Amino acid sequence: MTQSHRIAGGQIDRTKTLRFTFDGVRYQGHPGDTLASALLANGVRLMGRSFKYHRPRGPISAGSEEPNALVELRTGGRQEPNTRATVTELYDGLEANSQNRWPSLRFDAMGINDKLSTFFAAGFYYKTFMWPKSFWEKLYEPIIRRAAGLGSVTREEDPDAYDKGFLHCDLLVIGAGPTGLMAALTAGRAGKRVILADEDFRLGGRLNAETFSVGQTSGADWAAATVAELATLPNVRLMTRTTVIGAFDHGIYGAVERVSDHLAVPAQGKPRQVLWRIYAGKAILAAGATERPVAFENNDRPGILLAGALRAYANRWGAKAGERLAVFTNNDDGIRTALDLQAKGVDVVAVIDSREGGDLIPGVRHLRGAEVIDSSGKLGLKSITVRQANGRSETIAVDALGVSGGWNPNVNIHSHHRSRPIYDPAIAAFVPGQDGPPGLLVAGAAAGAFSTHAALRTGRDAAIAALELIGAAPDLPETEDAPTRVTPLWHVAHGKGRAWIDQQNDVTVKDVKLAHQENFTSVEHLKRYTTLGMATDQGKTGNVIGLAVMAELTGRSIPETGTTIYRPPYTPVALGTLAGRSRGKKFKPFRLTPSHHWAKEHGAIFVEVGNWLRTQWVPKAGETEWRQSVDREVLATRKSVGICDVTTLGKIDIQGTDAGAFLDRVYANTFSSLAVGKCRYGLMLREDGMVFDDGTTARMGTNEYVMTTTTANAVTVFRHLEFCRQCLWPDMDVQLISTTEAWAQFSVAGPNARKLLEKVVDQDISDAAFPYMGAGNVTVCGGLRARLFRISFSGELAYEIAVPTRYGDALLREMLAKGAEFDPIVYGTEALGVMRIEKGHVAGGELNGQSTALNMGLGKMVSKKKDAIGMVLSQREGMTAETGYRLVGVKPVDPQAKLTAGSHFLEKGAAPVAANDGGWLTSKVYSPHLGCDIALGYLKAGDKKIGQRMRIVNLLAGLDTEVEIISPHMFDPEGERLRG
Amino acid sequence: MIIHHPILGPRDAQEFVYLGDASLIDRPDGMTAGIEAFHDYLYQRSNPAGEHRELWYHEQGDRSWLVVTRNTVTHEITKVELARDVARAKGRSK
């Protein structure tokens, strides 16, 4: 198809042709086009259907404020819904599709919603779909969701990479129109580190869309020359296609750079987008202004655009939206559109100026004091109806209408810290208020200074003020300095039809009237009741009209009515951009244990424990089911010897003359009395008296201890100890360092544990030399430094041996090789869990943050002879009750019966209701020694119920099993094995 | 946010872990104070809209606990001290 609506001029490269499709139809455009400008140049005005009423829509703007022209871009994993055609840079091979229509854009069956519009006014859903309650989720919502909506999301994975980056500067300039360029030039020439960011792919802002001159050249040429100079300055970073999305605390700004959105596929090694965090000493908001329409009946037809957008399409992109054009304005800027289009040879049929005054254009019919009251044309504008000053109506055939209701400064980012914009009647718009983000200055049109001269001047002055520059500043080139002349007109009071305010969310003047009628008159209520401004464009074109209509209805002034404020992001940001590289397996780094490579070689199954990957079990040939492997590991360990990597446990070296006293304060039990060369089990409470963590701590020297923590709490325990040391007892002589990753540590457990270790440890570790709960520094394999602890989690004769991490892999292989005669096995976390439950040791399921030492049967460990964290509050009434939960062991009466963790204790014959609940199972395993499922659980007054029979009920699993309550020490209760 | 660490200079708040009200420094002595005093210490906090002294931990840094004076409305930070110095100034020792 030819580019029927292409006109002369513009900043497009006509020497090159780009091919693209929209809804499968082939079109052509040029480099420099947006999808919207190229479609308009091809005579396509209909680009979408509206959200709720499925009204035919075309673009109303030429920028990021666009509410209507939302399309689905690309296909497959790169398919992207709700892309604004007005900012989509055209590339060769671009594929776009319209959305929210079925079966086609021209004939949309859901257009029936438009005929039923009475039913879809604001608040309709709230009032209508209330009963019966269950119908909402099952019936109403799915139907409504299907009928009202935007684009669809691909189910395929996005193949592109998204990066994050950090930048620092003295001055961040947001927006590269005349204001921003002048600010950047002023600061850049002064040698300051400047970042100039603009969402557009061509810097210059409005200068590219206007015809007036700056200095001796056109505005666009002046912008290009200024950009060229800035590009030569090494201290200035120009960032095109970069939207500053928000002002955060302390001079931190977020920005999204669309590195590859203008390409079919990102270049090799390049990300699709980058999320920048910019640390700016100062910032200047030079974001310009956004034109607003005037609401009148049927003002949403394709072909009705903002006047400034019509001008931009003609001047910058050489595209006209129609053959016969009219302009409807309440201000001088609208007249510019008529002038520019006339100069481009477009037939300007009429200027409808709502004001009595206003300049006249020779050769153009000028209707003063007139208003557009209606329009016609099903899929695009065919005519407008004008009510003249004398009250007579007239229909004028046009296929394009430019509407200007004045310009709103883009205050958005200035209000990200809750600064409320204030109304300036001189320009009939809101300007930035007080208490904006510290260090952020506003200049140019964003501050309400609309002329080009004012933009250049305030841009320069803002840079000087922000950076306290002294000395020569750039001269201001000669340019237009027209005053802002606007007579407010928000909506045309005529007729009973709908006049759109927020085109993206289909909010009309009627909806605002309804909100008023139902007393939702505050702007915040208005917004939520009607959804005004809650669409993806955040009401950039509609909000002010909505609140002006409300002001009119309530008889209050606009300042009295007030305004809502904006939140980040300035324009929508893809979730993938926020995620960056942190997705899938790369969401967090994996921590690998020293035995990981050995385990991988032997086909181990791994389990994620926090960031760690731990060996869960190591299957042997012929084992088809996990229980076979785990049972074998348990039996082999208890029969001979097993090795388990326990490096993930937190390890903290604690040194200093007050180390013992410090441990007495942070542990519920006492450590200052521990002999050098011995270990002790330690119980750590939170200040509220609940158990925080547990582990063994060894005294390696008079002033030197080694603490272990659970894997899960390694970080939080260390943080807590630092809190105690620095904030509570700042003069204690005690130093901490985390050595979790410094030592590879293995548990060696089983009757042959000592015999195996004797093969690698250089010293005497006989029972006499290294008794139960002994600890000390040793060497292995002929001199390598190591730590040995005779501690047991499995109930077996067991040790934990630690060597510097880099030797962990070698030590494991050495132990397996030298101890081969004992048939050692490596066991994983499952076998570890079986053995600890057989012994009644608490772990994750019991250390649940809601349990006391008393609950765990460890009440006697809490010493009341010394002050320690949690000691006092652990004595609170409700936590010491005789009837409270106690840790018990559980086994089914029928050894074949299954138990499930999470099941609840019930007395025999009791109904399974909360009032009869006796507690719950915290951990459950199959014990190969007892030949049945066993479990630990918290049972009310459980210590008095040992030997009794109860039921375990799990209504979700359909389980109701008779069990025997037993001691939690289910295996070798006398502990003969571990002292062996 | 940026926290001006007394030793390390300006650092991004992402490097820190937040704990809460700096009154957590004022822990009663467990051998003399009773349950009531500990209850108040642990649970009774003011929640000011305005200036607030709070504990931040430089976990991704030098492990200092800091007392940061921050306005909870504007997020303006007016003072940053080492918690150890604050604790000593309050008479805490061993």
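Biologist: What should I know about the model before we start?
Modeller: It's a predicted model, where local features need pLDDT of at least 70, side-chain atom pairs count only at pLDDT 80 or more, and totals for chains, interfaces and linings use all residues. Residues are numbered from 1 along each chain as its sequence is written, chains are lettered from A and ligands numbered from 1 in the order in which they are written, and side-chain values use heavy atoms, with hydrogens and water left out.

Biologist: Why is Asp506(A) called buried?
Modeller: Buried means under 20% relative accessible area, exposed over 50%, and partly exposed in between, with a 1.4 Å probe and protein chains only. Asp506(A) has a relative accessible area of 0%, so it's called buried.

Biologist: And why is Asp435(A) called exposed?
Modeller: Its relative accessible area is 69%, so Asp435(A) counts as exposed.

Biologist: What makes the phi of Asp435(A) worth a remark?
Modeller: Phi is near 55° there, a positive value in a residue other than glycine. Asp506(A) also has a positive phi, near 55°.

Biologist: Where do those two sit?
Modeller: Asp435(A) is in the loop between strand 27 (429-431) and strand 28 (440-442). Asp506(A) lies in the loop between strand 29 (500-502) and strand 30 (507-508). Helices (H or I, at least four residues) and strands (E, at least two) are DSSP runs, numbered from the N terminus.

Biologist: What makes helix 12 mostly covered?
Modeller: 9 of its 12 residues are buried, including Asn543(A), Leu547(A) and Met550(A). The buried residues of helix 12 pack against strand 25, strand 27, strand 29, helix 10 (509-517), helix 11 (523-530) and helix 13. Just after helix 12, Gly555(A) takes a positive phi of about 75°.

Biologist: What makes the bond from Pro568(A) to Pro569(A) cis?
Modeller: Its omega is near 0°. Pro569(A) is in the loop between helix 13 (558-561) and helix 14 (575-579).

Technical notes
Contact means heavy atoms within 4.5 Å.
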